[in-house]
Amino acid sequence: MLLSMTGHGEAHRRHNQVSIAVEVRTINSRYFKLSLRTIEPYTSLEPQIEAAVRDRIRRGTLQINLRIDREASAEDFSISDVVLGSYFEQLRTLNKSLKLTEPIRLDGLLMLPGVVVDRATQRRDVESDWPQVQAVLLEALDNLQKMRVDEGRAMESDLAASCQLI
């Protein structure tokens, strides 16, 4: 049976308050090359992802997109008084030296780096997420394999028809 070297497979799953999406694309290549696109800190899962992929795919260039979204809660965010106060004082000093009369707006200060602290990203335990990520990855690889088999059958049929014509 022929297998296509190009293909696409994806899978999505929601577990508790975490949404996981994996998309796998392959193109023909003589060697195995994996490229993983994901957010920090999930890049640390690359060795496990590569091992799972190598169990099923021997060669080709693979692009894997891993997206993980967590539902945020109010407890995940806090305002850093120290950082906010520092920005405010710097702007107040700048306003005085430039003789500006515009008020310093709080909404502008909240957009500055470090003012709002996202504790949810600090609390992520990547290793505990691996079983769910692995399950979605394997499902995406199954979908990729199905597409490669279907495309291989179509190529086989086309080759047989060409041979018949010749």
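Predicted model: local features only at pLDDT ≥ 70, side-chain atom pairs only at ≥ 80, totals over all residues.

Student: How do you know how far to trust the protein, going by pLDDT?

Tutor: Its average pLDDT is 89, and 97% of the residues score at least 70. Confidence is highest in helix α1 (residues 46-54), with a mean of 96, and lowest in helix α4 (residues 119-122), at 64.

Student: Back to His-15, then. Why is His-15 called partly exposed?

Tutor: Buried means under 20% relative accessible area and exposed means over 50%, with partly exposed in between. His-15 comes in at 36%, so it counts as partly exposed.

Student: Why is Pro-113 called exposed?

Tutor: With 61% relative accessible area, Pro-113 is over the 50% cut-off, so it is exposed. You'll find Pro-113 in the loop between α3 (106-110) and β6 (116-118). Leaving aside residues up to four places away in sequence, it touches Val-83 and Tyr-87.

Student: How do you know that the buried residues of α1 line one face?

Tutor: Those residues are Ile-49, Ala-52 and Val-53. Looking down the axis of α1, they fall within an arc of 100°, so they line one face of the helix. Their cover includes β3 (32-37), β4 (60-70) and α5 (126-165). α1 itself lies across β3 and β4, at about 135° to β3.

Student: What makes β1 and β2 a pair?

Tutor: Pairing takes at least two bridges, and β1 and β2 are joined by 9, so they pair. They run antiparallel. As an example, Arg-13 stands opposite Ile-20 in β2.

Student: Why are β1 and β3 said to stand at the edges?

Tutor: The open sheet has 4 strands in the order β1-β2-β4-β3, with mixed pairing. β1 and β3 each have a single partner strand, so one side of each is left without a neighbour in the sheet. On average, neighbouring strands are turned by 15° against each other, direction ignored.

Student: What makes a set of residues a nonpolar core, and how many residues are in the largest one?

Tutor: The residues have to be buried, of nonpolar-core types such as Val, Leu and Ile, and joined through side-chain atoms within 4.5 Å. The largest core has 26 residues, and Val-24, Ile-49 and Leu-137 are among those with the most contacts inside it. β2 (18-27), β3, α1, β4 and α5 each give two or more residues to this core. Its largest share, 8 residues, comes from α5.

Student: Where does α5 lie relative to the strands?

Tutor: α5 lies across β1, β2 and β4, running at about 150° to β1. Val-24 gives you a place to look: its contacts include Leu-137, Ala-140, Leu-141 and Leu-144.

How values were computed: Residues numbered from 1 in each chain as written. Heavy atoms only, no water. pLDDT = per-residue confidence, 0-100. Buried < 20%, exposed > 50% of the residue type's maximum accessible area, 1.4 Å probe, protein only. Arc of directions from axis to C-beta. Contact = heavy atoms within 4.5 Å. Axes fitted to C-alpha atoms, helices over the stretch in contact; angles between N-to-C directions.
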